[in-house]
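Here is a short report on one protein chain. Look over the sequence and the structure first, then read on.

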Amino acid sequence: MIHFIFKTPLLTLNQALGMAKTKLKPKRRYKKKAAYTGSIYDIEARKIKANIAQEALQQHPDLIMTKNYAIKFCWYCKDKRPDPDNITHGVKYILDGMQKSGILPNDGWQNVSGGHIHCFYTDKADPRVEVYH
């Protein structure tokens, strides 16, 4: 069994939706042609995926997962404020980060259609996500 521990804080679904609505304004010097017209979410999601990729490579530097896997996610949260369906939005960042690292060739149906299992716990001192393949 392959085991990962991710300590990078992930966005909940509500946080991601709120950020996606906030557009970045281009600087005045780029008045004619905007330098960037995306949202704050785009920038934050890229940072999270890069951090997940780095954590994955630190834990299993030579691993390449080629088979179809069932994945178990154990979510250790600071408290029980966010709903479980909001928390599981973090799966997107974890799978995309693992794909970015090269550990997971693709996060599509051929590699991760074995199913997802979610377990929820509280750990105020050490919030994290543990992933088992």
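## A buried glutamate

E130 counts as buried, at 9% relative accessibility. Here buried means under 20% relative accessible area, exposed over 50%, and partly exposed in between, with a 1.4 Å probe and protein chains only. E130 sits in strand 4. Its side chain makes a polar contact with the side chain of Y132, at 2.7 Å. A polar contact is a pair of N or O atoms within 3.5 Å; within protein, one must be able to donate a hydrogen and the other to accept it, and residues adjacent in sequence count only if both atoms are side-chain atoms.

Leaving out residues up to four places away in sequence, E130 touches H3, F4, I5, K72, F73, C74 and Y76. Contact means heavy atoms within 4.5 Å.

## Model and layout

This is a predicted model, in which local features need pLDDT of at least 70 and side-chain atom pairs count only at pLDDT 80 or more, while totals for chains, interfaces and linings use all residues. Residues are numbered from 1 along each chain as its sequence is written, and side-chain values use heavy atoms, with hydrogens and water left out.

The protein chain has 5 helices and 4 strands. Their order from the N terminus is β-α-α-β-α-α-α-β-β. Helices (H or I, at least four residues) and strands (E, at least two) are DSSP runs, numbered from the N terminus. Of the 133 residues in the chain, 36% are buried. Among contacts between residues at least 6 apart in sequence, 81% join residues at least 24 apart.

## The nonpolar core

The largest nonpolar core holds 28 residues. F4, W75, I94 and M98 have the most contacts inside it. At least two core residues come from each of strand 1 (3–6), helix 2 (40–59), strand 2 (71–77), helix 4 (91–101) and strand 4 (128–132). Such a core is a set of buried Ala, Val, Leu, Ile, Met, Phe, Trp, Tyr and Cys residues joined through side-chain atoms within 4.5 Å. In soluble globular proteins, nonpolar side chains tend to be buried together.

Take M98. Beyond its neighbours within four places in sequence, M98 contacts F4, F6, I52, A56, M65, I103, L104 and H133.

Helix 4 is largely enclosed by the rest of the structure, because 8 of its 11 residues are buried. Those buried residues are V91, Y93, I94, L95, D96, G97, M98 and S101. G102 follows helix 4 and has a positive phi, near 95°.

L104 lies in the loop between helix 4 and helix 5 (109–112). L104 is buried, with a relative accessible area of 1%. Its C-alpha atom is 6.1 Å from that of I64, 40 residues apart along the chain. Setting aside neighbours within four places in sequence, L104 contacts M65, L95, M98, Q99, N111 and V112.

## Helix 1 against helix 2

Helix 1 (residues 13–20) and helix 2 pack at an angle of about 135°, and their axes are 7 Å apart. Helix 1 is therefore oblique to helix 2. Axes are lines fitted to C-alpha atoms, for helices over the stretch in contact, and angles run from 0 to 180 degrees between N-to-C directions. Angles under 35 degrees count as roughly parallel, over 145 as roughly antiparallel, 65 to 115 as roughly perpendicular, and the rest as oblique.

Helix 1 contributes A16, M19 and A20 to the contact, and helix 2 contributes I40, Y41 and E44. By class, that gives 5 nonpolar, no polar and 1 charged residues. Ala, Val, Leu, Ile, Met, Phe, Trp, Tyr, Cys and Pro count as nonpolar, Asp, Glu, Lys and Arg as charged, and the others, Gly among them, as polar.

## Two histidines

H60 is in the loop between helix 2 and strand 2. H60 is partly exposed, with a relative accessible area of 24%. A polar atom of the H60 side chain lies 2.8 Å from the backbone oxygen of H3. Leaving aside neighbours within four places in sequence, H60 is in contact with I2, H3, F4 and I103.

H116 belongs to strand 3 (residues 116–122). H116 counts as partly exposed, at 36% relative accessibility. The C-alpha atoms of H116 and F73 are 7.3 Å apart. Apart from neighbours within four places in sequence, H116 contacts I71, F73, V91 and L95.
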